[in-house]
Amino acid sequence: MRGLEPLREWDADTPPLTDAARARALFRLHQTMHVPAASDPAAVTVGRRPILRMAVAGVAAAAITTTVLIANDSSPRTQTVSATTVLHGAATEERRLEKPIAPRDDQFIYTKEIIKETPTKGGSTRTYVDESWNSVDGSKKSYVSELGRKQWVPVFVPGQGTWPPTKWTELEQLPTDPRKLLITLRDMGGKPDYSKPMRAADWPMTQVFVSGLLRTPVLPKGLRSAAYEALASVPGIKVLPHQKDADGREGIGIQYVGAPGTPWAHGGPIMVFDAKTYRYLGMRDQRTAGGKTYRQWSYVAVSAVVDRVMQRP
């Protein structure tokens, strides 16, 4: 029960839980159930920043295909694509565009994220420009912004961390083989058992962990493309045509659909990809706060490595 105590105060100072908050609570519960009795359940914790906003749970059958409208130089045509096709295409595009970086432990990962949201029952659209500076190794205070709410994040104490990891040295240890990456994330930082196949019961939280990894704005070379390909093998993904990103660009949406009774039984956040290149554009989501529901569109406008908090590239 001591391990469940953190859930009592989880996001206690915020409005009713969003899907992201539910995912974070599920993560803490999952940790509590899997920490050995001889260890301290509080020794492994999630960060204060909601790193799992794009999180899903539940399993379904195979990846769902759909027919989408693809434009070419002469006339529009239709083409049937699957979630697997889109995600493997996104991985290929990521490999083509990514530039290897090697941040020092004393540096910070800078991100500038644009979030637009509109009340579902009508009202004006509000735009947030969230700038954050996250310590590369967690040894320095980070400064983060979430929907305009700014805060300092304390340094990691010995034995504390997040899952998926955010420290660069720990990210570098994650495998870039998609199958091994799934198993490593499933086994939550212990010695991965690659001989143990994924079971139906493993997928819900593994989906959360892969999605959390993709929320990390800067990753070691090959890791983001591996995460896309890992998602391509996850049951329960759906293709949605004619989705728009925060700038109004139309693309193909990928959505996770959970089993009945889960928070995402009616569909979770939607990742939007370019319909031609499959390059990732941004995300569509919704949140509920103060009795109101908001539609959200977001994308990372800038990400870079800097030497200090408040420094911009």
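Mentor: Keep in mind that this is a predicted model. Two packed helices are described by the angle between their axes and by the distance between those axes. Here helix H3 (residues 83-97) packs against helix H7 (residues 223-232) at an angle of about 175 degrees, and their axes are 8 Å apart. Because angles over 145 degrees count as roughly antiparallel, H3 is roughly antiparallel to H7.

Trainee: Which residues of H3 and H7 make the contact?

Mentor: From H3 the contact draws on Thr84, Leu87, His88, Ala90, Ala91, Glu94 and Arg95, while H7 contributes Arg224, Ser225, Tyr228, Glu229, Leu231 and Ala232. By residue class, the contact of H3 with H7 divides into 6 nonpolar, 3 polar and 4 charged residues.

Trainee: What does tyrosine 228 touch, and which residues of the largest nonpolar core touch the most other members?

Mentor: In soluble globular proteins, nonpolar side chains tend to be buried together. In this model the largest nonpolar core has 40 residues, of which Leu181, Leu213, Tyr228, Leu231 and Phe273 touch the most other members. Elements that give two or more residues to this core include H3, H7, helix H5 (178-186), helix H6 (203-214) and strand E9 (270-274). Not counting residues up to four places away in sequence, tyrosine 228 touches Leu87, Ala90, Ala91, Glu94, Leu214, Met271, Phe273 and Tyr280.

Trainee: How many bridges join strand E3 to strand E4, and what stands opposite tyrosine 110?

Mentor: In a regular strand, the side chains alternate between the two faces of the sheet. Strand E3 (residues 108-119) and strand E4 (residues 126-135) run antiparallel and are joined by 10 bridges, with tyrosine 110 opposite tryptophan 133 in E4. E3 and E4 form a hairpin with 6 residues between them, and in the turn glycine 122 has a positive phi of about 105 degrees.

How values were computed:
Residues numbered from 1 in each chain as written. Predicted model: local features only at pLDDT ≥ 70, side-chain atom pairs only at ≥ 80, totals over all residues. Heavy atoms only, no water. Axes fitted to C-alpha atoms, helices over the stretch in contact; angles between N-to-C directions. Helix = DSSP H or I, 4+ residues; strand = E, 2+ residues; numbered from the N terminus. Parallel < 35°, antiparallel > 145°, perpendicular 65-115°, else oblique. Contact = heavy atoms within 4.5 Å. Nonpolar A, V, L, I, M, F, W, Y, C, P; charged D, E, K, R; others polar. Core = buried A, V, L, I, M, F, W, Y, C linked by side-chain atoms within 4.5 Å. Buried < 20%, exposed > 50% of the residue type's maximum accessible area, 1.4 Å probe, protein only. Pairing = 2+ DSSP bridges.
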